[in-house]
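Okay, thanks everyone, let's get going.

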Amino acid sequence: MLLCLLRIHLRPHRRSVALLGLLQLVQILATLALPTLGAAVIDNGVVRADSGYITRTGLAMLAVALVQIAASVAAVALGARTAMAMGRDLRSAVFRRVLDFSAREVGRFGTPSLMTRTVNDVQQVQVLALSAFGVVVSAPLMCLGSIALALQQDVPLSLLLVALMVAVGMSFGLILGRTDPFYARMQKQLDRINGLLRERITGVRVVRAFVRDAHEGARFGRTNSELRDISLRVGRLLATVIPLVLLVLNAFMAAVVWFGAHRIDAGAMRFGALSAFLSYLTLITMSVVMVTFVCLPMPRARVSAERIQQVLATEPSVAAPSEPYARCPQPGQLSLYGAGFRYPGAKEPVLHGIDLSVRPGETVAILGSTGSGKTTLLNLVLRHFDATDGAVHVGGVDVRTLDAAVLRRTVGFVPQRPYLFSGTVASNLRFGDPDATDDELWHALEIAQARDFVRLLPGGLNAPLTQGGTNVSGGQRQRLAIARTLLRRPDIYLFDDCFSALDHATDAALRAALEPEISRATVVTVAQRVSTVRRAGRIVVLDAGRVAATGTHEELLRTSTTYREIARSQLTAITGDHDGTGTDAAAATTLQEAVHGLDGQL
Ligand SMILES: Nc1ncnc2c1ncn2[C@@H]1O[C@H](COP(=O)(O)OP(=O)(O)OP(=O)(O)O)[C@@H](O)[C@H]1O
């Protein structure tokens, strides 16, 4: 998996990789030439007292050493650049894939795990690539070249080198093979720490309000300690690698000196050859140590590569159409044909056979008690999920075949809990229209009843907003989100109970300002309060995921028991008046008057 991932993501950098290989080849050839030249200096220069030969060969050795240094510096710089570029590309690939995920895939992996995979797991692969680039060509070449040149010096002694390679390989395999499960647990533990941290920071007020600091601190401490324990166990295993490898290498070095001395004594080997042999053994030792340093991060990178690949290989369940429609034949038309939806893993559907058609210029309100499926219905229009039954059409085209960019341009959505991004008021508003002028931003703010408070912010349009918009109130956030959507000028507006945090006066002023602005658009507004929806041209009452009734406020008060019950329960909650039963007509009249009367207080 690791190799496959590296191969794919190094493909765009193949020229750099090839140049890197070339530089390492030059570096190794130069490194390997030095001991042979040194042996020649001893055997032909020192032994024969030929100072001219010593000077000439010495100068050649100096030139070779300079080439070796230059090639090695260039290889390190190029290796680092290539590894960083690959890490950047891999991070982008994971990020882009995550952006394509629907809520289903995000739920499957979990946000904290996706964050760990995008940042930490990619980092592990990048670290491995960085260290591997330094040795991937040079270490094997240096090792094999040293063995080949050592063979030239003395064949029987070279057999020791083969035994050395087998011993080192076995020591490696024994230890590193045992670290994989620990690394898998380590990365999972990082996911948990990320999750806890995220929850702890975003829910800090709740944690404090419920005096759960100590409990939450202990929960984090436990997970943190578990991560430390796993890291220590891996660390202990890895700490044995280098001493073990050095022990094996030094034992072999002693054996070479011992056998070599005997062979010189027996006249079977020259002194210069033993000196060159020892130099080659040192080079082999160096290459083994270099490989050791690459092998240490390898198991973790392997686990990380698998986690990254899981993300990259996951196809978004809301798939892009193969031949997308880029035009809507009926602009602004929104239709649901028997649409149903069941959340993944849930036993029962939350929406059943919803039929709904909304034309441009029409405002439809969807009313229902909490959990009746209102938000889910809007999510089907936005294609956050695909309907599991029936179909959803936008502009006369099934959303599953409509180009995603066209769908997003056509439908403007203001969620129940809007999200603002770190930046300024203006940068957030320009999510709606990047080319909007300041005047257009102020106009949208005026309609959304946000002009006055933005004016008072230090910097006005350039006032800073923190991540999530946490430095403005819930109602201010809602108004900024409405202004942001107005700037998009979509054909279809979906308002998901986004007026709930506004006081009555602001709510009324906003609706009055909004009406002429979006009068030609298709508007679907979700609400729980009867008083909020009663002016809508059509109200759809949703009950346990089914359309229970449709009509105007007056019609529904007369004809729909569910609507009357909702209205009655809301009145009872406000007035404490438990009466209001009796005949349908009488109840409808009473409720109608009560709703009208309370309108000013809600
Ligand atoms: N991601 C999810 N996975 C599983 N079930 C979900 C998920 N989101 C919502 N549900 C369930 O689907 C049902 C409908 O939820 P939905 O959010 O659409 O209701 P709603 O009418 O918008 O409620 P509210 O008015 O409280 O916002 C609820 O029973 C809820 O528990």
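**Cysteines, ligand and salt bridges**

So, Cys143 is buried, at 11% relative accessible area, where buried means under 20%, exposed over 50% and partly exposed in between, with a 1.4 Å probe and protein chains only. Cys498 is buried too, at 0%. Searching the whole structure for disulfides, meaning cysteine sulfur pairs within 2.5 Å, turns up zero.

Quick housekeeping: this is a predicted model, with local features needing pLDDT of at least 70 and side-chain atom pairs counting only at pLDDT 80 or more, while totals for chains, interfaces and linings use all residues. Residues are numbered from 1 along each chain as its sequence is written, and side-chain values use heavy atoms, with hydrogens and water left out.

Now the ligand. Which residues sit around it? Counting a residue if one of its heavy atoms lies within 4 Å, the list includes Tyr343, Val350, Lys374, Gln416 and Gln528. For polar contacts, which here are pairs of N or O atoms within 3.5 Å, a ligand oxygen is 3.1 Å from a polar backbone atom of Ser372. There's also one at 3.0 Å from a polar backbone atom of Gly373, and one at 2.5 Å from a side-chain N or O of Thr376. On its own the ligand exposes 630 Å², and the protein buries 59% of that (Shrake-Rupley areas, 1.4 Å probe).

Thr376 takes us to helix α14, where Thr376 and Lys374 are among the buried residues. Helices here are DSSP runs of H or I, at least four residues, and strands are E runs of at least two, numbered from the N terminus. Eight of the nine residues of α14, 374–382, are buried, so the helix is largely enclosed by the rest of the structure. Just after α14, Arg383 takes a positive phi of about 60°.

Last stop, salt bridges: a Lys or Arg side-chain nitrogen within 4 Å of an Asp or Glu carboxyl oxygen. The count comes to 17. In one of them, Arg97 pairs with Glu315 at 3.8 Å, linking helix α3 to the loop between α13 and β1, 218 residues apart. Arg97 is buried at 19%, whereas Glu315 is exposed at 58%.

Then Arg263 meets Asp154 at 3.0 Å, N to O. Arg263 is in α11 and Asp154 in the loop between α6 and α7, so this pair ties together parts 109 residues apart in sequence. Asp154 is buried at 5%, while Arg263 is partly exposed at 22%.

Key. Polar contact = N/O pair within 3.5 Å; in protein donor to acceptor, adjacent residues only side chain to side chain.
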